[in-house]
Each structure stands twice: as C-alpha cells, then as structure tokens.
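This briefing is meant for a reader who is meeting the structure for the first time. Please keep the sequence and the model side by side while going through the points that follow.

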Amino acid sequence: GLENVDYDNGVIENYSYLNWNAISTQAVFMRRDQAEIDRLVQLFNDMRGQQGEFYVPTWLDDFDLTLGAAQGAYTLTTPGLTVFQAYADSEFHKAAIIFWRDGTFQINPIVSITMAGRNSLTTFQNPWAKALNSTNAALACWFLRSRFMIDTLTLEYQTDSKVTTQLTYKIVKELT
C-alpha cells in the first residue's frame, strides 16, 4: 500500500493510501473429493472472485479458556492484558467462533474488549450456548471478514475423483 512520487526533480515522496497492512492467507486443498470441490467452487462463484466478502476462522487457539465463561454469559475473561492490548482497538477482530466438542459451533460478534483488573474482558453480542471452557470447546478463535485475492480458480485433477486447488484471501476491515 505504498506509492512513490518522483517528479525527476527534488525529493521523492512516499504516500500510503491505506493506514493498515493487508494480511493474506493461502489455503491449499489437496486431493479433495468432488463434493468438497463443488462447495469451494460454489463459494468462489457466490463471492464473484474478489468482489464478495465472507468470514473465515483463523483455525488457531486464539482465546485462553483457562478462566472460561458460564453458559448464558455474554463475556469471556482471559488471563493477562494481551487480548486487550492487541485487539481492543482492532478494526478487524470483531467476531469469534467456538467449535464445540460435540461437533457444533457458535459464532458471536464482539461488542467490546476492556480491562478487568489484570485480565482482558471480552463482551459478546449473544450469550454462550454452553459453558465456555476447555472441556466443552475444542477450539476458540477469531472469525475474520475476508475477500478472495484472485478472480480465477484453477482446479488440478489428480485422478478422476481427487482434485487439488488453492485459494488466496485477505483479511479486510469490518464496516460497522
């Protein structure tokens, strides 16, 4: 996001038309069956390449569930101030997704991230369907708004029934 302006006379100026850096990710789908590839192609076509936006989990343990939250609670307390310091003013980290151990998941928009003593307190829009702890939750991660960085999708057929492809997407700001 940096442009250089040089008029062949005097000082060269650098301008940044964006005040954030783009985070991009490349996902490779290897040897997938036709049904899985059909779902990827449908998503890509629904988004019209770079035009549409969609949400994607980080697939990382982004939230420390040591302190957890009770069923029906709207908040999650995480040990330390790291979550508050890193994400309270983020224009990107506005939702979380919890993958429960029973195979279900819950998406929850974030209202605010504040300090609670020496801990971070994240307040969510909706109550938790289950007690949020490491016993119930398999994975708790950010759920980020994204956009494809490509307008064409290439499928490589390994066999008649197995396909490999890759999708590159970037994280974009929430528009709220």
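Threonine 114 counts as partly exposed because its relative accessible area is 33%, a value between the 20% under which a residue is buried and the 50% over which a residue is exposed. The model in which this value was computed is a predicted one.

- Threonine 114 belongs to strand E7, and, once neighbours within four places in sequence are set aside, it is in contact with Phe84, Asn119, Ser120 and Leu121.
- Between threonine 114 and serine 134 there are 22 Å from C-alpha to C-alpha, while along the sequence the two are 20 residues apart.
- Glutamine 106 is placed in strand E7, which covers residues 105–116, and glutamine 106 is buried because its relative accessible area of 11% falls under the 20% cut-off.
- Residues up to four places away in sequence not being counted, glutamine 106 touches Ala96, Ile97, Ile98 and Trp100, and also Pro127, Trp128 and Ala129.

**Strand E11: threonine 165**

- Threonine 165 is found in strand E11, made up of residues 163–171, and its relative accessibility of 5% means that it counts as buried.
- Leaving out residues up to four places away in sequence, threonine 165 touches Ala27, Val28, Phe29, Ile37 and Leu40, together with Leu153, Thr154 and Leu155.
- A polar atom of the threonine 165 side chain lies 2.7 Å from the backbone oxygen of threonine 154.

**Strand E10: glutamate 156**

- Glutamate 156 sits in strand E10, which consists of residues 156–157, and it counts as partly exposed because its relative accessibility is 48%.
- The side chain of glutamate 156 makes a polar contact of 3.2 Å with the side chain of glutamine 158.
- When neighbours within four places in sequence are left aside, glutamate 156 is in contact with Lys162, Val163 and Thr164.
- Glutamate 156 and methionine 30 are 126 residues apart along the chain, and their C-alpha atoms are separated by 9.4 Å.

- Tryptophan 59 lies in the loop between strand E4 (54–57) and strand E5 (75–79), and it counts as exposed because its relative accessibility is 52%.
- The phi angle of tryptophan 59 is near 65 degrees, which is a positive value in a residue other than glycine.
- Aspartate 61 has its place in the loop between E4 and E5, and its relative accessibility of 62% means that it counts as exposed.
- Not counting residues up to four places away in sequence, aspartate 61 touches Ala138, Leu139 and Ala140.

**Strand E3: arginine 31**

- Arginine 31 lies in strand E3, which spans residues 23–32, and its phi is positive, at about 50 degrees, although arginine 31 is not a glycine.
- With a relative accessible area of 45%, arginine 31 is partly exposed.

**The whole chain**

- The protein has two helices and eleven strands, and from the N terminus on its elements follow the order β-β-β-α-β-β-α-β-β-β-β-β-β.
- The protein is more spread out than a compact globule, because its radius of gyration is 20 Å, well over the 16 Å that the globule rule gives for 176 residues.
- Taken along the principal axes, the box that the C-alpha atoms fill is roughly 60 × 60 × 25 Å.
- Of the 176 residues in the protein, 31% are buried, and the accessible surface comes to about 11000 Å², with 50% of this area belonging to carbon and sulfur atoms.
- Among the contacts with a separation of 6 or more, 69% are accounted for by residues 24 or more positions apart.
- The protein carries 13 positive and 19 negative side chains, and the centres of these two sets lie 8 Å apart.

How values were computed. Residues are numbered from 1 along each chain as its sequence is written. This is a predicted model: local features need pLDDT of at least 70, side-chain atom pairs count only at pLDDT 80 or more; totals for chains, interfaces and linings use all residues. Side-chain values use heavy atoms; hydrogens and water are left out. Helices (H or I, at least four residues) and strands (E, at least two) are DSSP runs, numbered from the N terminus. The radius of gyration is taken over C-alpha atoms; the globule rule is 2.2 Å times the number of residues to the power 0.38. Buried means under 20% relative accessible area, exposed over 50%, partly exposed in between (1.4 Å probe, protein chains only). Contact means heavy atoms within 4.5 Å. Accessible areas come from the Shrake-Rupley method with a 1.4 Å probe; for residues, only the protein chains shown count as cover. Lys and Arg count as positive and Asp and Glu as negative; His and the chain ends are not counted. The place of a charge is taken as NZ of Lys, CZ of Arg, CG of Asp or CD of Glu. A polar contact is a pair of N or O atoms within 3.5 Å; within protein, one must be able to donate a hydrogen and the other to accept it, and residues adjacent in sequence count only if both atoms are side-chain atoms.
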